[in-house]
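Welcome! Please take a moment with the sequence and the 3D view below before reading on.

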Amino acid sequence: MKLFVAGLPYDFDSTDLKEMFELYGEVASAKTATDRETGKSKGFGFVDMPSDLEAKEAIAALNNAKLRGGKQLVVKLSDEQPKSGGGYGNRDNRDNYRNNDRRRY
């Protein structure tokens with residue numbers, strides 16, 4: 001089960017995130033989002049836990065928990081996004097977009 005975690009301290013890294021969730025069960029992966037230019041954390045990340053039960057326990061325990069500095073965590077199921085590579089997606093979608101765009105003019 002993939003979880004979205006927000007409200008992380010900016011000095012939190014992927015290892016810290018993984019260790020926090022390992023208190024509630026097995027963690028397949030944990031990744032904090034970082035700024036491409038500065039390499040600094042954006043304050044959110046994703047955790048993948050193989051067990052749905054353990055993931056739900058982690059959500060119940062950590063959602064709305066306060067961390068250092070008074071920041072409040074948000075832990076919820078991640079909204080799965082299709083991996084299209086961004087932009088128009090695959091070639092068919094891009095061609096359909098172009099065809100629809102031409103009809104407007």
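What follows is a short tour by topic, from strands to rings to a helix.

This is a predicted model, in which local features need pLDDT of at least 70 and side-chain atom pairs count only at pLDDT 80 or more, while totals for chains, interfaces and linings use all residues. Residues are numbered from 1 along each chain as its sequence is written, and side-chain values use heavy atoms, with hydrogens and water left out.

**Strands and how they pair**

- Helices (H or I, at least four residues) and strands (E, at least two) are DSSP runs, numbered from the N terminus.
- Strand 1 and strand 3 run antiparallel and are paired over 5 bridges; two strands pair if DSSP finds at least two bridges between them.
- Within this pairing, L3 has V47 of strand 3 as its bridge partner.
- Strand 2 is also joined to strand 3 in the antiparallel sense, by 5 bridges.
- Strands 2 and 3 make a hairpin with 6 residues between them, and G39 in the turn has a positive phi of about 80°.

- T32 belongs to strand 2 (residues 29-34) and stands opposite G45 in strand 3.
- T32 counts as buried because its relative accessibility is 4%; buried means under 20% relative accessible area, exposed over 50% and partly exposed in between (1.4 Å probe, protein chains only).
- Beyond its neighbours within four places in sequence, T32 has contacts that include L8, F12, L17 and F44, where contact means heavy atoms within 4.5 Å.
- S41 sits in strand 3 and is buried, with a relative accessible area of 10%.
- Not counting residues up to four places away in sequence, S41 touches P9, Y10, F12, A33 and T34.
- A polar atom of the S41 side chain lies 3.0 Å from the backbone nitrogen of G43.

**Aromatic rings**

- The structure holds 3 aromatic pairs; rings of Phe, Tyr and Trp (its six-membered ring) pair if their centres lie within 6.5 Å, and planes under 30 degrees apart count as stacked, over 60 as edge-to-face and the rest as tilted.
- One of these pairs is F4 with F44, tilted, at 5.9 Å centre to centre and 40° between the planes.
- That pair links distant parts of the chain, with F4 in strand 1 (residues 2-6) and F44 in strand 3 (residues 41-48), 40 residues apart.
- F44 is partly exposed, at a relative accessible area of 27%.
- F4 also forms a tilted pair with F46, at 5.6 Å centre to centre and 55° between the planes.
- Here F4 in strand 1 and F46 in strand 3 are 42 residues apart, and F46 is partly exposed at 29% relative accessibility.
- Together, F4, F44 and F46 form one aromatic cluster.

**Charges over rings**

- K2 lies over the face of F46, 5.2 Å from the ring centre; a charge sits over a ring if NZ of Lys or CZ of Arg is within 6 Å of the ring centre and within 35 degrees of the ring normal.
- K71 lies over the face of Y10, at 4.1 Å from the ring centre.

**Helix 2**

- The buried residues of helix 2 (residues 52-62) are A55, A58, I59 and L62.
- Seen down the axis of helix 2, these buried residues fall within an arc of 100°, so they line one face; the arc is that of the directions from the helix axis to the C-beta atoms.
- L53, K56 and A60 are exposed on the other side of helix 2.
- The cover over the buried residues of helix 2 includes strand 1, helix 1 (14-22) and strand 4 (74-77).
- After helix 2 comes N64, whose phi is positive, near 70°.

Note on methods:
Polar contact = N/O pair within 3.5 Å; in protein donor to acceptor, adjacent residues only side chain to side chain.
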